[in-house]
Amino acid sequence: MTIRVTMTVNGEPLTADDVWEGESLLHVLRERLGLPGSKNACEQGECGSCTVLLGGEVVCACLVGAGQAEGADIVTVEGLGDGEQLATIQQTFVAAGAVQCGFCTPGLLITAFDLLNRDPDPSDATIREALAGNLCRCTGYEKILDAVRLAAERAR
Amino acid sequence: MEFFRPTSLAEACQLKSEHPDAVPLCGGTDVMVDINFDRRRPDALLDLTGVRELYEWSRYDSHVRVGAAVPYTTIIKELSADAPGLAIASRTVGSPQIRNRGSVGGNLGSASPAGDALPPLLAVDAVVETVSATNRRRIPIHEFFLGPKRNALQPDELIAAVHAPVAGGPQQFAKVGTRNAMVIAVCSFSLALHPDTGRVGTGIGSAAPTPLAATQAEDFLSAELADRWTGPAELPDDVVRRFGELVAGAASPIDDVRGTADYRRHALAILARRTLTWTWAEHIRRAQ
């Protein structure tokens, strides 16, 4: 048996058919809806590379059952920019050199985007705590912190 | 596999009684991991995210009733005054992503000795409210854990809520791990002072087959504090030390990938001393 899942992704209503009931939202996004921006790494909620906004909250898409996303409003990294124009947080990740291999970047962008929406002027401790669920094995995080600070500055 | 999406608790209970093997799924922070790794292939999933009443909490008399699906993020934001031990523990659960989805109902359902929410619930003598199509039960938390990842739920029952008295004194939670975030506890400890009843409550995590209370340590400390609640002063070192020893002695830890039994006992004694020092200092501050 399979299910059909309909959700709004980056403002667009999308439907996936023949979804296995045990499948994750991440798998649906990547393999069925052609949105491979959210990355698949640990599949256990440890790394944050699959972070998306679900109903306006950061979640690990690998831990959301496909059927649980029925009717949900989802934002992935593909939805941050506006056509050709990158979102501020994407621009500052580039400007600060916060991207190396890039695998963690989509999840970090979503998490940082959500943080700055909730707290436009976060302290360093707040940034660190907000990003604690997103692992990066390249950068050592310093440039990522710079990028978030820079985005907060540019928004002022 | 079947996928059920009830929209009320009554409907969820009906489905659970018709399909007792259906696995309740809510935040997915345990169940989805098992499915992703092919450790578990349930015949049916019972998605509880559509059951709004499980996401509500309320205050009644001098208690709080916290719906099984109330996410840790909400507990931190809204229950820090009423249930400070639980709120402090909730802050240490996973990451923001996990705290937005995970809930106390999941910790109780999984019944892992490492569930961060469980020691503070033991320390306040919480009560688990279960519900089925035919029955509603209240199970004292001290009778809820039967073994590693085994609890007192019947196959047709769901966890509806957990009840805890509104804090009458300082509460604390501390845990040991390799980082300050995303850590499964090597061991953890929660302490609640109850000046109103002249008792203290404890909960130990990750250091026995189930979360458990250190009852001897509670009796010892309650007796030591009997004459000290009013006009409190700093506690003598030997009282603090003995409390730590009794807490460590209550545990029955094992060696595993996260730590050795010896280390866990050692660390528990330290966590017990620290949480006692913190909570007693808070009690002194409040008495002034």
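Helix 2 of chain A and helix 3 of chain A are oblique to each other, because they pack at an angle of about 125 degrees. Angles under 35 degrees count as roughly parallel, over 145 as roughly antiparallel, 65 to 115 as roughly perpendicular, and the rest as oblique. The axes are lines fitted to C-alpha atoms over the stretch in contact, and angles run from 0 to 180 degrees between N-to-C directions.

This is a predicted model: local features need pLDDT of at least 70, side-chain atom pairs count only at pLDDT 80 or more, and totals for chains, interfaces and linings use all residues. Residues are numbered from 1 along each chain as its sequence is written, with chains lettered from A and ligands numbered from 1 in the order in which they are written.

Back to the pair: helix 2 covers residues 88–96 of chain A, helix 3 covers residues 105–118 of chain A, and their axes are 9 Å apart. Helices here are DSSP runs of H or I, at least four residues, and strands are runs of E, at least two, numbered from the N terminus.

Which residues of helix 2 of chain A meet helix 3 of chain A? They are A:Ile89, A:Gln90 and A:Phe93. Their partners in helix 3 of chain A include A:Leu109 and A:Phe113. Contact means C-beta atoms, placed from the backbone, within 7 Å.

Now the two chains. The contact takes 24 residues from chain B and 24 residues from chain A. On the side of chain B, helix 2 of chain B gives the largest share, four residues. The predictor gives the complex an ipTM of 0.97 and a pTM of 0.96.

Definitions and conventions:
Two residues are in contact if their C-beta atoms, placed from the backbone, lie within 7 Å.
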